Amino acid sequence: MSFEPTTYTSKEITLALINDALLAKQAWRLVHHKESLFCRVFKAKFFPHCSIMEASDTTLGSYAWSSILKGRDVLNKGARWRVGCGESIGVWNDAWLPSLGYPRVLSNLVTSLEDMKVIDLIDPVSKQWDEGLLQGLFSFQEVELIMSIPLRRTYIDDKLIWPYTSSGNYTVKSEALPVKRNLRRRKIIEEDTCDHCKSSAESEFHALWECSTLVLAWNSVPELWLHHDQNAQTMLELIKLIHDEGKDVNLLAMILWTVWNRRNKLRTTNEDYPVSQVSINAKQALTEYHQANQVVTLQSLVRTRARVNWSPPPAENFKVNFDGATFKEIRMAGLGVMIRNSLGQLIASLSELVNLPYSSDIVEAMAAARAIYFAQEIGLNSFILEGDFEAVIKCLRSDDDSFSPFGHTLAAAKATTETYCCISFPIFVDLVTLLLTA
Ligand SMILES: [Zn+2]
């Protein structure tokens, strides 16, 4: 998409960019939410035999479909493949190198290898990069980048991730809430009446606070003592009102978020979401938020001490500590694992050198994965896994499909523990730990 600076005002360009971002969001859903009705309908109609990224844009389709293809172009410019088994990724055209500036191979295409996939660069036996082949095909810098992509021994899908957010997920900036009034302004829809009360235009303030159908939700929060007759005309005034009266602004934020979330659920799914559930869900989310924050605070308070004051696991159990280190000069990373019993005695330890991955988070995740494999190799089926790298622990404790650059590394290791049936993750005071139980 190109803009002629002489014919478009900057405001129009901004609107067009927001519009692109929303279209890209649709395309992103088609890539990642394959089971949704939205995706199944479009797939059956427009790309029955391939993925949306490969769908031909010459298909004559509806207005919606051509819009989605426009969104796909936005994704194509920014999204990057996270290499799993490599079978979905084209070597020459897809963005798969871990470089924000040059994610596509720049070395000359080798004739007769046009259709080469990334899986063809991986030794099928060792499941490692075929270094000789890489050196024959690519520049020195590209070989280094490719060697820094960690590979797994088990089968993992390739995944399209968004490298500009820490979660790897594509998000649209929240200032462009797609309430109906904004959509009408952008000429996406014709009329902007609120679906719930059917009496006024759906502005952000209306959708979150003003709508008469939300009275029950707001009135059931005695902590805020908010009633609709209180005088606030804008979101800012509302927040100020709560703040000035010394009430819990976090609770307000959580309720606003829950109201917004409910509105979107009602629009996109057939699920029932009674308005009476809003304050209950919001308070629960807030409690979880506070608990998580408490842990982080405790952790940062005791972090330096915690490293010294290692505490042994309960009787008959084992504690598996892991850590990663990078050695940039030799382009290697070290993975360390130590396993101790309840008397604090060292039962087993391991240190291993691997090719330097492109970020230190990945080193830490590889150490965690190695620790899980190692504990199983020596026959432990119940142990406490302990590490102090928050992003990695968070990812280990989550059941969601992670889009982070190391999500697949941890998922593969966690998958092997499923045969041991139950995984629970109690939080200890000194370090966030997780417990794998037989
Ligand atoms: Zn309304």
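Tutor: Happy to! Buried residues make up 29% of the 438 residues in the protein chain. This is a predicted model, in which local features need pLDDT of at least 70, side-chain atom pairs count only at pLDDT 80 or more, and totals for chains, interfaces and linings use all residues. Residues are numbered from 1 along each chain as its sequence is written.

Student: Why is Lys198 called exposed?

Tutor: A residue is buried if 20 or more other C-beta atoms (placed from the backbone) lie within 10 Å of its own, exposed if 12 or fewer, and partly exposed in between. Lys198 has 8 such atoms within 10 Å, so Lys198 is exposed.

Student: And why does Lys127 count as partly exposed?

Tutor: Lys127 has 13 C-beta neighbours inside 10 Å, so Lys127 falls in the middle class.

Student: What makes the phi of Lys127 worth a look?

Tutor: Phi of Lys127 is positive, about 60°, although Lys127 is not a glycine. Most residues other than glycine have a negative phi. Lys127 lies in the loop between β1 (80-82) and α4 (131-137); helices (H or I, at least four residues) and strands (E, at least two) are DSSP runs, numbered from the N terminus.

Student: How do you know that β3 and β6 pair?

Tutor: Two strands pair if DSSP finds at least two bridges between them. Three bridges join β3 (residues 318-327) to β6, so the two strands pair, and they run parallel. Lys319 stands opposite Ile384 in β6.
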